[in-house]
Number of protein chains: 2
Amino acid sequence: MGRWEPDSRGRLAQAALELFAERGFENTTVAEIAERAGLTERTFFRHYADKREVLFPTGGEFENLIVTAIESAPAALAPIDAVGLGLDAAAAMLEQRGEFSRRRQAIITANAELRERELIKLASLSDAIADTLRGRGVTDPGASLTAEVAIAVFRVAFARWHDEAGGEDLRQIMRSSLDELKAQMGAPSSAPAGQAGEPANAVTQV
Amino acid sequence: MGRWEPDSRGRLAQAALELFAERGFENTTVAEIAERAGLTERTFFRHYADKREVLFPTGGEFENLIVTAIESAPAALAPIDAVGLGLDAAAAMLEQRGEFSRRRQAIITANAELRERELIKLASLSDAIADTLRGRGVTDPGASLTAEVAIAVFRVAFARWHDEAGGEDLRQIMRSSLDELKAQMGAPSSAPAGQAGEPANAVTQV
DNA sequence: CTAGGTGATGACAGCCACTGTCATGGACCT
DNA sequence: AGGTCCATGACAGTGGCTGTCATCACCTAG
């Protein structure tokens, strides 16, 4: 056994999640988080840049998943439909960690500071998607715009999924949202809303 | 003359803008801002909820402008095109304060905290637009999605306008961005990119 | 003209997020 | 055995932000 208990980073994240759920983000001090994890405040800040960051996983696992899905989409696919495959991948991951995703989101939506941080994370995700699209030969401003639309669909669909607990399938919500948006923008819907058309299970063909 | 110099709020905003431009947001303390305005730190926080807020005008003047433009758009117009009129109005206002807008934006983009605050302001603007669309009879999730798309177009177009100083007309950039997005989404463009079609000057007909 | 209310500001103490710096002592290598 | 490494602790300090009370020009009632 090492000099210290292992996985201090994970223990800090766990302690923070518990305390935020118990008494809210603002009523929890970093010192308290550290104490519950058996560490000091100073050590918390060695693992996380600030108090909010403990709720936002690093490494870009989520981002990588989406980017990879877009990269490996058939080259013939229109940008917006390639991005749709990225959304499928995102939905799959979030639904896998269903309960955790919902608990985490409840904490975030309850606090303005955390919502700010979430938005900037999504903005950076948007940048990554735009880069990926440029890699597929999409030119600006189309790449940036399509990426922003992807985030918009994600936000709206995720919020809807989070609100109606135990409701519809997240991927379905995203698909129908995207279709509705296409209709709204004047294009004929690629498939009836509520059930995805041919690109539906393409993510499994990667 | 009153007991104190008039318009302390305005003096604080002015002092803050100067200091942020001189030495950056992070290297400026609230005490310094207050001192330059001839006030105390405590008084700063009586006028602004936090240090960042001094850069974000209150009262929702900007929001009202856009919402009003959308409300007074012809009822027959598709949601996305009603929103286009809102963007016209926004562009007009920002271009009127051209130099100021650019200076302010330079400060904001240089700092992560300020970018976060900007994003949450835009998110609240998106909510306001979605509400307005619902008032026009647009149902969800279409209303939320169209509002998000409006913000996306605004963000991309404004960034482009800000980068190429003295370049193209902001409204033109927004119009062509919106058209490009429509094309990207699969719809036929309502007008050639770069020059707006019939809805172009509708904002002046309000 | 006076008494009392009002409202913006100052003065001051205090909390907490976050940082710089140095010390500590197991783990690991040679 | 000796030396280096590195995650952590200890401690002091800065600055954003808040609660609280005092101050004092202005206004209004009588």
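A salt bridge is a side-chain nitrogen of Lys or Arg within 4 Å of a carboxyl oxygen of Asp or Glu; the views below apply this criterion to a predicted model.

**Figure 1. Salt bridge between Arg52(B) and Glu116(A)**. The two side chains meet at 2.7 Å, N to O. Both Arg52(B) and Glu116(A) are buried.

**Figure 2. Interface of chain A and chain B**. Here 34 residues of chain A are in contact with 34 residues of chain B. The buried area is about 3,000 Å², and carbon and sulfur atoms give 68% of this area. Glu116(A), Leu145(A) and Met185(A) supply 24% of the area that chain A buries against chain B, more than any other three residues. Eight residue pairs are in polar contact across the interface. On the side of chain A that touches chain B, α5 (79-96), α7 (112-135), α8 (142-163) and α9 (170-184) each give two or more residues. The largest share, 11 residues, comes from α8(A). By class, this side has 17 nonpolar, seven polar and 10 charged residues.

**Figure 3. Salt bridge between Arg23(A) and Glu32(A)**. The N to O distance is 2.7 Å. Arg23(A) is partly exposed, at 36% relative accessible area, and Glu32(A) is likewise partly exposed, at 26%.

**Figure 4. Salt bridge between Arg134(B) and Asp140(B)**. The closest N and O atoms are 2.8 Å apart. Arg134(B) has 34% relative accessibility and counts as partly exposed; Asp140(B), at 32%, is also partly exposed.

How values were computed: Residues numbered from 1 in each chain as written. Chains lettered and ligands numbered in written order. Predicted model: local features only at pLDDT ≥ 70, side-chain atom pairs only at ≥ 80, totals over all residues. Heavy atoms only, no water. Contact = heavy atoms within 4.5 Å. Buried area = accessible area lost by both parts, 1.4 Å probe. Polar contact = N/O pair within 3.5 Å; in protein donor to acceptor, adjacent residues only side chain to side chain. Helix = DSSP H or I, 4+ residues; strand = E, 2+ residues; numbered from the N terminus. Nonpolar A, V, L, I, M, F, W, Y, C, P; charged D, E, K, R; others polar. Buried < 20%, exposed > 50% of the residue type's maximum accessible area, 1.4 Å probe, protein only.
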